[in-house]
Structures are given as structure tokens and as C-alpha cells.
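Visitor: I'm new to this one. Can you walk me through the pockets and the core?

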Amino acid sequence: MSTDGDRSRRAVLKAAVALGGASALSACLDRTDDDPVPTGDPASKPPRQHAWREYVRHDDHGNTQLPSHQILLYLDFDVEGPPTDEDQEALAASLTALDRAYAWRHEGLLHSLAYSPAYFDRFDASLPEGIDLPEPTALSPFESPTFDRQDAVLHLASDRADVVLTADRALRGERETANGVSVPPLTEVATVASRRTGFVGAGLPAANQDAAGIPDSEPVPEASPLFMGFEAGFRGNQATEDYVTIESGPFAGGTTKVIANLRQRLDDWYDEQSEAERVMEMFSPGHAENGLVEGVGDNLGSSSGIDQFVDGIVDDAREHGRVGHAQKAARANRDTDGNVRLLRRHFESTDDIGSDQRVASLHFPSLQRRISAFEAVRRAMNGTDLTEATPAIRQRVNNGILEYIFVRRRGNFLVPPRRHRVLPTPRPE
């Protein structure tokens with residue numbers, strides 16, 4: 001297939017997932033291969049819902065390649081107060097059917113169900129003291145996001161657009177089966193309050209750069225997995241699944257999850273910044289000065305090498321009048337032993353939540369043992385201290401990538417271990 005033909009196919013698959021209807025699924029099936037989708041065994045799933053790394057593709061450097069197509073279903077449970085036994089049985093039937101329909105891997109379906117602070121407010125009992133799950137809050141003086149306070153969010157991910165779309169439609173009651181398995185709809189116990197979609201991986205951002213916020217010159221490189229034109233999620237700059245896992249108490253084996261939605265405005269990023277300036281603001285001035293990034297950054301291997309540029313960030317600010325996004329975040333994204341604290345699983349989107357407009361946006365799920373770890377890293381990204389080092393660094397200007405991203409939504413969730421994924425109490429046995 002030609003490059004143009006392949007790009008058109010990817011754009012159609014992405015559009016089908018975003019639309020989500022029967023005609024979209026039909027269009028999707030017309031453009032996917034005929035290979036059978038592997039079925040699953042509910043008894044063989046890993047005990048952690050967030051255990052994805054072993055089951056997805058990796059590049060030549062061991063970096064995780066997240067599933068290409070992803071859907072977030074934000075749910076409000078219909079019952080007032082604590083859920084009933086009947087609610088639990090109904091939701092368990094939906095999830096078990098999904099487990100049976102698809103293998104737990106990227107050609108099948110990965111999924112996780114996470115619960116908000118508002119969900120746990122239904123109960124008289126409180127969460128154990130060791131569970132850090134606050135209500136979402138603004139994390140900079142220049143953002144005013146809408147907070148996602150729905151009861152729960154179900155995250156679906158697969159390399160096959162037809163898989164996520166079929167599972168999504170079955171769960172929403174728009175078809176009876178998925179991959180030959182009868183799936184009771186989760187709409188028997190919950191209302192889908194918001195449906196959000198996205199994509200990640202080389203070729204997909206380039207195929208979908210006709211969204212508002214990206215210049216008409218179509219500058220997104222074909223090789224880039226993200227709209228901003230660089231690789232991300234290097235293995236050496238990510239927390240491990242073990243590290244972000246809650247170690248003790250009733251939710252041992254679970255984790256916490258923050259999901260933000262960011263609007264991207266990339267006209268100035270591509271039209272006014274040189275490639276060297278983009279490298280400076282994404283990584284660090286040192287990366288540009290030493291020519292460390294070639295193209296989208298695949299040459300960096302399994303680590304961006306950002307740690308060597310963290311201590312000199314104030315000097316960089318004074319000398320270059322710019323600082324890097326990764327450079328700022330890394331200051332708070334290491335524990336006292338040097339371990340990375342966050343496991344980021346972000347993916348691109350053209351969602352403009354609440355409207356039909358197509359805009360460049362980013363869904364940003366982050367896993368960590370405690371929500372406070374995410375909040376510390378996000379505040380470090382503000383670079384407030386660096387604005388005091390030199391007038392060249394301002395709240396958004398020359399301050400990493402803050403000039404180009406705008407937080408629209410944020411929600412905090414607890415991802416229970418699989419044994420407690422169905423409507424858990426705050427202190428499950």
C-alpha cells in the first residue's frame with residue numbers, strides 16, 4: 001500500500017473509533033485485516049489491572065509501544081448510595097464476558113476499571129489511610145480545568161480499531177456480542193457520562209493532523225508517535241509497573257491513576273520555533289547544544305538522558321533563556337534512590353470534549369503509587385522558580401512546552417487489583 005493509501009487507512013480507522021456507531025464499525029471492519037482476534041480466558045488474566053507491559057509491543061530499545069487505539073468510558077452508576085449485590089453481579093458479568101471475548105494482549109484487548117473519590121463517598125467507611133486519593137485540583141496558577149468527578153472510568157486499548165470499537169459498542173448496549181461472546185451491557189448498572197477516544201504510534205498523528213491547533217502545512221513527522229514530533233515514554237524515564245503498585249492493605253496490587261485532557265495549540269511550536277528550539281523546550285538546552293536528538297528522537301534509545309541536565313537547569317535558564325519540559329519534570333520525578341515515580345501512558349486525540357470540533361488534544365493517564373507524586377511532578381513543570389532566575393523565562397513563554405498545552409480536564413482514580421475491580425467497598429476483604 002502506498003504511503004498516501006496507508007495514511008488514509010489509518011485516518012479512517014481513527015475516525016471510526018471516534019464516531020463509535022454501527023456504520024463506523026462497518027467502515028472499520030472494511031479496512032482491518034481478516035486475522036481472527038484471539039479470545040481470552042478469564043482465569044488467565046494478570047492479578048493487576050495495570051499489568052500491560054508484558055502484553056504489548058516494544059521497539060528495538062525495549063520501550064513500550066502502547067496499543068494504537070484507545071477509548072475512555074466515564075461512568076456514573078445508577079444506584080444511589082452503596083451498590084447492591086445485583087449491581088455487582090451485573091457489572092461482573094460484563095467484565096467477565098469481556099475477559100472471555102479477548103486475549104489480554106495488544107492484538108486482543110487490555111482494559112482497566114478505576115474508581116473516583118466521588119464513588120467512595122457513597123460509603124460510610126473511608127478508604128484505608130495508606131490510599132492517597134484526593135479530589136482533583138488545579139496544579140498551577142494559570143490553569144482552571146473542569147474536574148472529572150464521575151464514579152469510574154473504563155479504559156479500553158488495542159492495536160485493532162475493530163476490537164476497541166466492538167467492545168465499546170457491546171458495553172454500551174449497541175450490539176449483543178463481541179468477538180462471538182455475548183456481552184451483557186454495563187449500561188444495565190451505569191450511564192456512560194462521557195466517551196473519549198484517542199490513538200498513539202508512528203503514522204497516526206500524521207494521518208490525523210487536519211485538526212484545529214496544527215498548522216495547515218502538516219508538519220507532524222510520519223515517524224512521530226505524538227503530535228509534537230518527538231518520541232516519549234522512554235523505558236529509562238518511566239516508572240516500572242512494580243514501582244507504581246500499592247504494596248499493602250486491601251488494595252495491594254492496585255495503583256492510582258490521574259487522567260488529564262490537554263488542548264494543544266501547535267501553530268507557534270512548528271511555525272515560529274526552529275528544530276533546535278523545539279528540542280530545547282521538549283528536552284533541555286543541553287540536548288540541542290550537544291546534538292543529542294536526531295529526527296523524532298529514536299536515536300536516544302531507551303532513555304532520553306535527561307538526568308544529566310537536571311542540576312544545571314538554572315544555569316541553562318540564564319544562559320539560553322529557555323528550559324526543557326522533561327528537564328523540569330525530572331526534578332520531582334525521582335525518589336531519593338533515583339527511581340522514576342510516574343508511569344505515563346498518554347495518547348493523542350482529536351476530541352474537543354463537549355463539541356463536535358476536531359482539535360489537537362492529548363489524553364494523559366499517569367499511574368503512580370500515590371496521587372501526590374503526580375501532583376509534585378506537575379507542579380515542578382510550572383517552573384515558577386525559573387521565572388525568578390531570568391526575565392527570559394515567563395509563566396508560559398520559553399518555559400518548556402507550557403506555551404502550547406492547556407489543561408482542560410483532570411480526574412483522580414483508584415485502580416483496584418483485579419480481585420476487587422467490581423464496585424469495591426472502601427475496605428474490601
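Guide: First, a term. On a 1 Å grid over the protein atoms alone, a pocket is an open set of points where a 1.4 Å probe fits, with protein on both sides within 12 Å along at least five of seven lines; lining residues have an atom within 4 Å of a point. This is a predicted model: local features need pLDDT of at least 70, side-chain atom pairs count only at pLDDT 80 or more, and totals for chains, interfaces and linings use all residues. Residues are numbered from 1 along each chain as its sequence is written, and side-chain values use heavy atoms, without hydrogens and water.

Visitor: Which residues lie nearest the centre of the largest pocket?

Guide: R57, T64, Q65, L66 and G201, out of 48 lining residues. The space in this pocket is about 1000 Å³.

Visitor: Which helix gives the most to that lining?

Guide: α1, with four residues. Helices are DSSP runs of H or I, at least four residues long.

Visitor: What about the second largest pocket, what's its volume?

Guide: About 380 Å³. It has 17 lining residues, with A18, T350, D351, S355 and D356 nearest the centre.

Notes: Grid points are joined across faces, edges and corners, and a volume is the space filled by probe spheres set on the points. Helices (H or I, at least four residues) and strands (E, at least two) are DSSP runs, numbered from the N terminus.
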